[in-house]
Amino acid sequence: MRVTVPVNLGERSYEVRIGEGLLSRAGDELTPFLRRKKVAILTEERVAALHLPALEAALDAAGIAHASLALTPGEGTKSWAGLEQACDFLLDQKIERRDLVIAFGGGVIGDLAGFASAILRRGVRFAQIPTSLLAQVDSSVGGKTGINTRHGKNLIGAFHQPTVVLADTALLGTLPARDLLAGYGEVVKYGLLGDAAFFERLERDGPALARGDAATRLYAVQRSVEMKAGIVERDETEQGERALLNLGHTFCHALEAATGYGERLLHGEGVAIGCALAFELSARLGLCSQESPSRVRAHLKAMGMKTDLSDIEGDLPGAEALLDLMGQDKKVVDGKLRFILARDIGGAFVADDVPREAVLSVLRDALTGR
């Protein structure tokens, strides 16, 4: 089965094609977008070992010339050094504005390749072929691209929409269990921010998704993309509603910075913990009942996911230090932290000035396990 979700952005509109077997058809899928039959592939070493031969075979079958660069896996590649390496490779391949760069990997590669495409020759087209659950449901859609710096995550970047997204759900079967569950953190986020019925369905079907049920995985990707596409269409450059997609991310980005953007905490794991903390903060501010954060944490725990700060290996900074890390987040406006809070499951909203002491209280209790 295959579904197509349109992202309607006028001249920048594109399709997100979702289903099993899309990788083997990549040559035929991409040919209509090519001015000349040549592409450059940016990927990472683990994905290259598993899937690059299949992509190359699909391109060969369609008569498309290709060259590839496999970068080191991990958030550390989303850096100035990684960007320089990617841009130099694309320039070495003489990629022109009307050519196509293929981002072939998870969120790190999608963000890096998209940003390199955005700035190369002041804008080169690119296609997303996301290989992780997180990338298929979130980072490959919407045009956010960028890199991390010592100041924080994704603070250097650009909005640059892809030409097409090919989300082959069969590739999810090769993900390590931890990576799949990290991506599930972003899936849950969509239900929590705006679709209570979707969250209820995940409570019922989440275990089947984790076990590998194809239909459940396809629906989870489809519904997540539908929700993101709708929000992006209404607010492409995050002037208002699109900020809802950052549910859990203010906490998450501080935790990622504190843990060095490494294997201690994957992005989707940070999102899951961040969502739990955002609902706890909402309850303490009297915005939602205590039942909501309890239900969020219960589902995450039932899925075997990280839900608490104590689930992160190693020491963490204190509450004040974590709050200071939040101060570099992109969601700071006029020096005030913006949080995505909730009145209920499926009822998220943007809060522009959350009391500092309330956030510190949540963090202090989370650090001490209370």
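Q: Arg-284 to start with: buried, exposed or partly exposed?
A: This is a predicted model. In it, Arg-284 counts as partly exposed, at 36% relative accessibility.

Q: Which residue forms a salt bridge with Arg-284?
A: Asp-365 does, and the closest N and O atoms are 2.9 Å apart. Asp-365 lies in helix H13 (residues 356-368) and Arg-284 in helix H10, so the pair ties together parts that are 81 residues apart in sequence.

Q: And Asp-365, buried or exposed?
A: Asp-365 is buried: its relative accessible area is 13%, and the cut-off for buried is under 20%.

Q: How many salt bridges does the structure hold?
A: The count is 32. One of them joins the side chains of Glu-269 and Arg-178, at 2.7 Å from N to O.

Q: What is the relative accessibility of Glu-269, and what is the relative accessible area of Arg-178?
A: Glu-269 has 6% and counts as buried. Arg-178 has 32% and is partly exposed.

Q: What does Arg-223 form a salt bridge with?
A: Its partner is Asp-195, with 2.9 Å between the closest N and O atoms. The pair links distant parts of the chain, 28 residues apart: Arg-223 is in helix H8 (residues 214-234), while Asp-195 is in the loop between H6 and helix H7 (196-211). Asp-195 counts as buried, at 14% relative accessibility.

Q: Which residues do salt bridges with shared partners join into one network?
A: That network is made up of Arg-2, Glu-15, Arg-17, Arg-25 and Glu-29.

Q: Changing topic. How many cavities of 30 Å³ or more does the structure hold?
A: Two. The second largest cavity has about 40 Å³ of space.

Q: Which residues line the second largest cavity?
A: The lining consists of Phe-198, Arg-201, Leu-202, Asp-205, Thr-216, Tyr-219 and Ala-220. H7 and H8 are the elements that give two or more residues to this lining.

Q: Which of the elements gives the most to the lining?
A: H7, with four residues.

Q: How do the lining residues divide into nonpolar, polar and charged?
A: Four are nonpolar, one is polar and two are charged in the lining of the second largest cavity.

Terms used. Residues numbered from 1 in each chain as written. Predicted model: local features only at pLDDT ≥ 70, side-chain atom pairs only at ≥ 80, totals over all residues. Heavy atoms only, no water. Salt bridge = Lys/Arg side-chain N within 4 Å of Asp/Glu carboxyl O. Buried < 20%, exposed > 50% of the residue type's maximum accessible area, 1.4 Å probe, protein only. 1 Å grid on protein atoms, 1.4 Å probe; cavity = no way out; pocket = protein on both sides within 12 Å on 5 of 7 lines; lining within 4 Å. Points joined across faces, edges and corners; volume = space filled by probe spheres on them. Nonpolar A, V, L, I, M, F, W, Y, C, P; charged D, E, K, R; others polar.
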